[in-house]
Amino acid sequence: MTTQIINGLAVEIDGDGEPLLCIHGLGGSSNTWTPLLAALSDFTVIRPDLPGSARSPLLAEPLSIEGYAASLEALLAGLGVESVHVMAHSLGTVVAQHLAVRNPGKIKSLALFGPLVAPPDAARPNIVARAAAARGGAAAMQEIADAIVKGATSPETKAEQPAVLALVRESVMRQPPEGYAQSCEALAAAQSAEIERIGVPTLLVTGDQDGVAPPANVAAMAARITGSRQVVFDGCGHWTTFEKPQRCMQELEQFYASLR
């Protein structure tokens with residue numbers, strides 16, 4: 001389990017089996033998925049840090065959803081992967097949907113946590129403002145991390161899982177400020193993929209207190225993706241894999257068993 005640099009991306013690769021690409025969200029890294037690895041032993045798990053996030057450098061051009069998708073396509077090509085299961089969180093779910101539409105026949109399934117098709121228009125200015133704030137450097141990233149811990153985790157997590165709060169905070173504070181800023185701008189500019197064209201088994205998981213991916217919005221997504229299934233966790237905010245790892249693993253085991 002060593003980090004490699006492949007086509008400019010820092011990536012961890014574990015296991016032996018069908019390939020599974022894991023795409024983290026804004027402020028995340030390959031470690032978004034570490035709590036779930038026990039449920040993924042049947043796969044070769046490919047966990048990159050997106051360009052500009054965590055250990056991966058920025059691209060020459062500004063970050064965008066299309067740029068993320070192209071970087072991941074290049075990563076898979078570099079690894080000789082022709083078809084792949086995809087798991088994603090938050091911003092990564094937007095990228096995953098675009099990947100599925102761009103690569104019909106190559107994406108075998110989608111498991112999306114805290115999923116959204118794109119930010120609501122009312123939220124876009126706030127995301128752009130966060131990008132500007134992030135360029136203030138380490139002190140600004142600490143303030144952003146504290147705000148995310150406060151706003152994006154559930155009261156139950158705050159009361160019962162203080163280590164999760166520390167994990168979320170550390171994940172965000174570890175982001176390079178310019179990379180995080182450009183990631184925010186990529187999210188703010190994101191547009192929905194034509195998700196009606198997605199024809200693979202799709203699992204949509206969110207928390208009952210997820211303000212980024214409210215259950216009603218995820219239900220609307222499910223209605224647009226034929227054959228998809230929605231699951232809502234009680235007492236869970238937006239950091240699904242950190243707040244409810246056991247529930248995530250149970251749903252993944254059931255989902256992947258259904259594909260065999």
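Helices here are DSSP runs of H or I, at least four residues long, and strands are E runs of at least two, numbered from the N terminus.

Buried means under 20% relative accessible area; values in between count as partly exposed.

Show what covers them. Contact means heavy atoms within 4.5 Å.

A word on the model before moving on. It is predicted: local features need pLDDT of at least 70 and side-chain atom pairs pLDDT 80 or more, while totals for chains, interfaces and linings use all residues. Residues are numbered from 1 along each chain as its sequence is written, and side-chain values use heavy atoms, leaving out hydrogens and water.

Next, select helix 3 (residues 124–134) and helix 4 (residues 138–152). They pack at an angle of about 140°, and their axes are 8 Å apart. That makes helix 3 oblique to helix 4. Angles under 35 degrees count as roughly parallel, over 145 as roughly antiparallel, 65 to 115 as roughly perpendicular, and the rest as oblique. Axes are lines fitted to C-alpha atoms, for helices over the stretch in contact; angles run from 0 to 180 degrees between N-to-C directions.

Display the side chains at this contact. From helix 3, R130, A133 and A134 meet A140, M141, I144 and I148 of helix 4. By class, the contact has six nonpolar, no polar and one charged residues.

Go to the cysteines. Select C236 and C248. The disulfide count is zero, with a disulfide taken as a pair of cysteine sulfur atoms within 2.5 Å. For C248, the closest cysteine sulfur is that of C236, 6.8 Å away, too far for a bond. C236 is buried, at 0% relative accessible area. C248 is buried as well, also with 0%.

Last stop: T32, in the loop between strand 3 (18–23) and strand 4 (43–48). T32 counts as buried, at 1% relative accessibility. Select H24, H89, T241 and F242: T32 is in contact with them, leaving aside its neighbours within four places in sequence.

Note on methods:
Ala, Val, Leu, Ile, Met, Phe, Trp, Tyr, Cys and Pro count as nonpolar, Asp, Glu, Lys and Arg as charged, and the others, Gly among them, as polar. Buried means under 20% relative accessible area, exposed over 50%, partly exposed in between (1.4 Å probe, protein chains only).
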